[in-house]
Amino acid sequence: TTPRDEGSHQFSQLIGRTGPGVTGVVVRLNDGTRVTATCANGWFLAWWPGSYGLADPSLEVTTRDGTRMQ
């Protein structure tokens, strides 16, 4: 996403739903960076500068029972 008023300053974002009991989401990028998402009301949002894509697996989802890769 490149906002019109930001010129060439590109950023990427990922928005999604979370299930019951999810306490955290970390997005893994294909350059090795880990981005901690904001979680609230059954949703998560992560953003980062640049156009790096997602790794595989791309999400670390944390619940009371531990962390799973998805």
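Biologist: Quick one to start: what's the relative accessibility of Trp 43, and what does it count as?
Modeller: Trp 43 comes out at 41% relative accessibility, so it counts as partly exposed. Buried means under 20% relative accessible area, exposed means over 50%, and partly exposed is in between, with a 1.4 Å probe and protein chains only. Bear in mind that this is a predicted model: local features need pLDDT of at least 70, side-chain atom pairs count only at pLDDT 80 or more, and totals for chains, interfaces and linings use all residues. Residues are numbered from 1 along each chain as its sequence is written, and side-chain values use heavy atoms, with hydrogens and water left out.

Biologist: OK. Which strand is Trp 43 in?
Modeller: Trp 43 sits in strand β5, residues 43-49. Strands here are DSSP runs of E, at least two residues, and helices are runs of H or I, at least four, numbered from the N terminus.

Biologist: And how many helices and strands in the protein chain?
Modeller: Zero helices and seven strands.

Biologist: Which residues make up the largest nonpolar core?
Modeller: Ten of them: Val 25, Val 27, Leu 29, Val 35, Ala 37, Phe 44, Ala 46, Trp 48, Leu 59 and Val 61. The elements giving two or more residues to this core are β2 (22-29), β5 and β6 (54-63). By core I mean buried Ala, Val, Leu, Ile, Met, Phe, Trp, Tyr and Cys residues joined through side-chain atoms within 4.5 Å.

Biologist: What is Val 35 in contact with, leaving aside neighbours within four places in sequence?
Modeller: Val 25, Val 26, Val 27, Leu 29, Ala 46, Trp 47 and Trp 48. A contact is heavy atoms within 4.5 Å.

Biologist: Trp 47, then. Buried or exposed?
Modeller: Exposed, because Trp 47 has 57% relative accessibility.

Biologist: New topic. How many aromatic pairs does the structure hold?
Modeller: One. The rings of Phe 11 and Trp 47 have centres 6.2 Å apart and planes at 80 degrees, so the pair is edge-to-face. Phe 11 is in strand β1 (residues 11-17) and Trp 47 in strand β5, 36 residues apart, which links distant parts of the chain. The rule takes rings of Phe, Tyr and Trp (its six-membered ring) with centres within 6.5 Å; planes under 30 degrees apart are stacked, over 60 edge-to-face, and the rest tilted.

Biologist: How many salt bridges?
Modeller: The count is two, taking a side-chain nitrogen of Lys or Arg within 4 Å of a carboxyl oxygen of Asp or Glu. Glu 60 pairs with Arg 28, with the closest N and O atoms 3.8 Å apart. Glu 60 lies in strand β6 and Arg 28 in strand β2, 32 residues apart.

Biologist: And what about Arg 34 and Glu 60: how far apart are the closest N and O atoms?
Modeller: 2.5 Å, in a salt bridge between Arg 34 and Glu 60. Arg 34 is in strand β3 and Glu 60 in strand β6, 26 residues apart. Shared partners join Arg 28, Arg 34 and Glu 60 into one network.

Biologist: Is Glu 60 buried or exposed?
Modeller: Glu 60 is buried, at a relative accessible area of 12%. Arg 28 is partly exposed, at 24%.

Biologist: Last one: what does Ala 55 touch, not counting residues up to four places away in sequence?
Modeller: Arg 28, Leu 29 and Asn 30. Ala 55 is in strand β6 and is buried, with a relative accessible area of 18%.
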